[in-house]
Amino acid sequence: MSQAPAQRETRERIAKALEGIDHQTSESRDGMTCVDVDRDGLHETLLRLRDFAGFSQITFVTAIDRHPAEPRFEVAHQLWACAYADRVRVRTRVNGDDPRLPSCVDLWPGAGFMERECFDMFGVGFDGHEGLKRLLMPEEYEHHPLRKEFPHQGIEPDKLYREWDAARRAEWEASS
Amino acid sequence: MGPLTPSALEPVETADAGFLATRADALVNWGRKNSLWPMPLGLSCCGIELMAMIGPKFDIARFGAEAARFSPRQCDLLIVAGTLTWKMAQACRTIYDQMPDPKWVIAMGVCSSSGGMYDSYAVVQGVDSLLPVDVYVPGCPPRPDAVIDALLKLQKRIERENPLKRVISGPATELDDTGTGARVYQPNAAVRRSMLDRHPHAPRAPRPLPHPGGEEEPS
Ligand code: SF4
């Protein structure tokens with residue numbers, strides 16, 4: 001496939017920065033350069049992309065649930081190189097029974113919120129993230145809504161409210 | 001202030017000094033219905049229409065309801081305007097409980113009336129699963145006129161209440177219809193119950209997980 005000069009330049013820069021790390025580079029359907037790495041190499045990849053390839057900013061961390069394929073979750077980190085005006089997507093596959101991967105809050109503190117959202121919605125853990133707790137759903141919530149097995153109308157969506165209400169009612173009855 | 005309607009209040013003119021004979025109930029109701037202070041619970045897009053309604057163009061000051069207070073202690077009309085999520089439901093119920101009696105609830109918009117288009121895990125499928133609702137306003141969002149119409153309907157309804165009954169026969173508190181255990185003053189308990197019968201938005205029961213089908217990995 002013929003590549004635009006800008007894309008070729010991006011790929012060369014990435015290949016140089018990632019020398020010695022096991023990775024594949026490809027182009028996604030929307031024309032973005034994608035780097036596939038496994039989870040052991042993820043942190044090193046992100047570090048090198050930041051420091052040696054100019055991808056100074058993280059714009060997005062999210063996951064895709066590929067159930068029933070294994071490894072099930074595909075976690076995507078999207079980076080933006082301001083000086084070169086290009087982007088790269090780093091994709092990592094993790095297993096459904098142990099969805100953990102290294103956190104990159106030490107590289108970009110701002111990634112913390114995106115990792116928390118990813119954890120909230122998919123149950124993917126990020127090692128090294130202090131305070132990895134739910135971002136959108138209530139903290140005691142038991143499910144991860146964007147997983148494929150989750151029905152979109154929810155599993156007992158009113159459970160936490162009813163529990164709260166029952167506790168309040170018991171208190172009320174005891175005091176009156 | 002609204003007019004003294006002849007049906008509710010019968011002014012008796014004497015020759016020299018003006019005085020007024022009426023039923024105490026009617027007088028109290030007249031005062032209540034023309035000074036509904038709304039607690040605006042603007043949760044999403046409907047909140048914008050609510051602001052327009054309070055503003056000068058639609059001007060609910062004409063009906064004595066412009067004094068929106070952002071403290072539930074000073075309000076007697078809860079307007080749930082917007083998409084109520086289960087996470088917010090606790091706050092909503094707390095606000096309702098903090099409002100002093102007597103209190104009324106308007107569910108503004110399809111979101112708060114029935115969940116609307118958000119048939120999802122996060123959204124309460126109708127606030128009547130946690131609060132007794134007096135008037136439902138359809139629309140997404142309803143025009144301010146529609147909410148004003150709801151206000152007028154509520155006023156008509158307040159006219160029919162018997163507020164002094166509780167002075168004579170003790171406070172008419174009872175467990176409210178929603179099964180949440182709160183005791184509320186319910187002058188219209190029968191009406192509310194019948195409305196709940198007609199709109200049984202029962203909270204969702206647990207359902208079996210659908211088996212995620214498909215063998216192939218989507219490309
Ligand atoms: S009813 Fe429509 S306008 Fe109102 S909160 Fe829901 S979506 Fe928004």
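How far apart do the C-alpha centres of domain 1 of chain A and domain 2 of chain A lie? In this predicted model, the two centres are 33 Å apart, where domain 1 covers residues 5–135 and domain 2 covers residues 137–176 of chain A, the bounds coming from an automatic or database domain assignment. Residues are numbered from 1 along each chain as its sequence is written, and chains are lettered from A and ligands numbered from 1 in the order in which they are written. Local features need pLDDT of at least 70 and side-chain atom pairs count only at pLDDT 80 or more, while totals for chains, interfaces and linings use all residues, and side-chain values use heavy atoms, with hydrogens and water left out.

Contact between the domains (heavy atoms within 4.5 Å) involves 13 residues of domain 1 and 12 residues of domain 2 of chain A. Together the two domains bury about 1,100 Å², of which 49% is on carbon and sulfur atoms; buried area is the accessible area (1.4 Å probe) that two parts lose on being put together, summed over both. Of the area that domain 1 buries against domain 2, 53% is supplied by Asp65(A), Met121(A) and Arg134(A), more than by any other three residues.

The count of salt bridges between the domains (a side-chain nitrogen of Lys or Arg within 4 Å of a carboxyl oxygen of Asp or Glu) is 1. Arg72(A) also forms a salt bridge with Glu149(A), with the closest N and O atoms 2.7 Å apart.
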